[in-house]
Amino acid sequence: DDVRIVTKIGTDRETSVPRKRFDAKYLETAFDACRERLGRDVLDVVLLHNPSQVAIDGTEACETMIRLAAGGKLRAWGVSAGNAEVARAAIEKGAQVISLSVSVLSAADLMALSSDIDQKEVGVLAHSVLSFGLLCGHWSSDKLFADNDHRAERWTSDELRRRIRQLDALRPAVGGEVLSMRAAALRWVLHHRTVSSAVLGPRSC
């Protein structure tokens, strides 16, 4: 009873190539599938997964989530947003929770949304808090990723070397009760008063 589960819908993986879908029919089907998989009649929090501005501005996506919540099947709904503009539009549509990329290296969206978050009392889930493993502080300057690793496309070799050098500015934060750069990065995120919870990735860094 003390556990709260957050899940996301909006990516149709039944097709040969996964694609975004935010039409009412798909969202309702995906929502019911989540309830069945989780074994819960009422879901705690469901997020639309990385919708576009067009999807938020349209009528189906947000209205479907509002209807599910009004029907008692959902306690809160929101959006896992790729940028501040999408998150702000979702908040204006009634989103109660937003998930944003927040780290010591990237907090501009959170800062830009602070007044909206305060005014609407929106919950904030911070994801990518370790910047895809970079903020663990373990990588050498010649770090290479496997071809099927999304990080191989995220940074060029020169960009990755530059980012690894930037970590030197954060190393003094490690010491005393802060046992690692990972801990320092997580503490920095959780220090923000608007952040409700931090989401850590499932993979080893």
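Two bridges join strand E7 to strand E8 (residues 197–198), and these two strands run parallel. The structure is a predicted model, in which local features need pLDDT of at least 70 and side-chain atom pairs count only at pLDDT 80 or more, while totals for chains, interfaces and linings use all residues. Residues are numbered from 1 along each chain as its sequence is written, and side-chain values use heavy atoms, with hydrogens and water left out.

**Strand pairing**

- Strands (E, at least two residues) and helices (H or I, at least four) are DSSP runs numbered from the N terminus, and two strands pair if DSSP finds at least two bridges between them.
- The bridge partner of leucine 125 in E8 is serine 197.
- E7 also pairs with strand E6 (residues 97–101) in the parallel sense, over five bridges, and isoleucine 98 stands opposite valine 124 in E7.

**Burial of E7**

- Five of the five residues of E7 (residues 123–127) are buried (under 20% relative accessible area, with exposed meaning over 50% and partly exposed in between, for a 1.4 Å probe and protein chains only), so the strand is largely enclosed by the rest of the structure.
- In a regular strand the side chains alternate between the two faces of the sheet.
- Both faces of E7 are covered, with Gly123, Leu125 and His127 buried on one side and Val124 and Ala126 buried on the other.

- Serine 131 lies in the loop between E7 and helix H7 (151–154), and has a positive phi of about 50° although it is not a glycine.
- Serine 131 counts as buried because its relative accessibility is 9%.
- Phenylalanine 132, in the loop between E7 and H7, has a positive phi of about 60° although it is not a glycine, and is partly exposed, with a relative accessible area of 28%.
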